[in-house]
Amino acid sequence: MNLPNKLTVFRFCCVPFLFAAALIQFKYHWTVTLIIYFLACMSDKADGIIARKQGLVTDFGKLMDPLSDKSLVLAAFLIQINLGWHTDIVIMIMMAREFLVAGMRMVAVTEGEVIAANAFGKAKTFIQMAATGLVFLFLAILEKDGEVVIATQGFNAPDWMNVFCTVAFWLSGIVALLSGLKYAKDGWHLIKTK
């Protein structure tokens with residue numbers, strides 16, 4: 001297994017540690033959550049650069065890299081939903097998009113094709129990682145002197161943070177919707193009727 005693919009697997013492995021750091025209450029747990037998330041997100045950037053520069057692009061990477069990104073980002077959104085920041089419609093849009101694209105990729109594989117991430121999909125992932133990463137950063141900053149910020153619904157966040165989360169979630173949802181429509185348009189030829 002080459003280095004970019006190992007970084008992809010590393011991202012999958014970060015998901016349970018991200019959940020543990022966010023949901024188990026201990027001193028500076030949001031700081032630990034932020035570090036895990038930051039390293040996982042940076043591994044996404046690194047594996048792409050290494051794969052392209054060293055000619056290590058593989059079908060495994062084309063398929064699994066987007067899945068590891070989805071796992072990581074959806075884990076971050078689930079953690080933040082637990083804090084009470086969400087709009088159900090936005091989460092449904094994101095989940096529907098992920099299932100649509102994953103389904104199209106599975107159909108493509110049966111036809112001998114691989115649908116790699118396109119620019120729109122990469123922009124969606126960046127926006128989602130940036131939005132959720134900033135929330136983790138804010139939570140880490142709010143952990144004054146190691147004071148535990150409880151990760152349950154009813155968290156008494158500052159008003160500005162509620163506004164930020166609402167705007168960031170909706171922006172992520174709209175870009176996810178547009179990205180899903182682009183994948184559907186590009187992969188329409190794979191849908192055969194009898």
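**Whole chain**

Start with everything shown as a cartoon, bearing in mind that this is a predicted model. The protein has six helices and zero strands, and along the sequence the pattern reads α-α-α-α-α-α. Show the C-alpha trace next: along its principal axes it spans about 60 × 35 × 25 Å. The radius of gyration is 18 Å, which agrees with the value near 16 Å that a compact globule of 194 residues would have.

Now colour by relative accessible area. Of the 194 residues, 44% count as buried. If you draw contacts between residues at least 6 apart in sequence, 85% of them join residues at least 24 apart.

**Helix 1 and helix 2**

Select residues 3-23, which form helix 1, and residues 29-53, which form helix 2. Two packed helices are described by the angle between their axes and the distance between the axes. Here the angle is about 165° and the axes are 9 Å apart. Angles over 145 degrees count as roughly antiparallel, so helix 1 is roughly antiparallel to helix 2. The crossing of helix 1 and helix 2 is left-handed. Show the side chains where helix 1 meets helix 2: the residues of this contact divide into 18 nonpolar, four polar and three charged.

**Tyr28**

Stay with this pair and select Tyr28, in the loop between helix 1 and helix 2. What is the phi of Tyr28? Phi is near 60°, a positive value in a residue other than glycine.

**Lys70**

Move on to residues 59-82, helix 3, and select Lys70 within that helix. Is Lys70 buried or exposed? Its relative accessible area is 9%; buried means under 20%, so Lys70 is buried.

**Last view**

Tyr28 marks the loop between helix 1 and helix 2, and Lys70 marks helix 3.

Definitions and conventions
Residues numbered from 1 in each chain as written. Predicted model: local features only at pLDDT ≥ 70, side-chain atom pairs only at ≥ 80, totals over all residues. Heavy atoms only, no water. Axes fitted to C-alpha atoms, helices over the stretch in contact; angles between N-to-C directions. Helix = DSSP H or I, 4+ residues; strand = E, 2+ residues; numbered from the N terminus. Parallel < 35°, antiparallel > 145°, perpendicular 65-115°, else oblique. Left-handed = near helix turned anticlockwise from the far one by under 90°. Nonpolar A, V, L, I, M, F, W, Y, C, P; charged D, E, K, R; others polar. Rg over C-alpha atoms; globule rule 2.2 N^0.38 Å. Buried < 20%, exposed > 50% of the residue type's maximum accessible area, 1.4 Å probe, protein only. Contact = heavy atoms within 4.5 Å.
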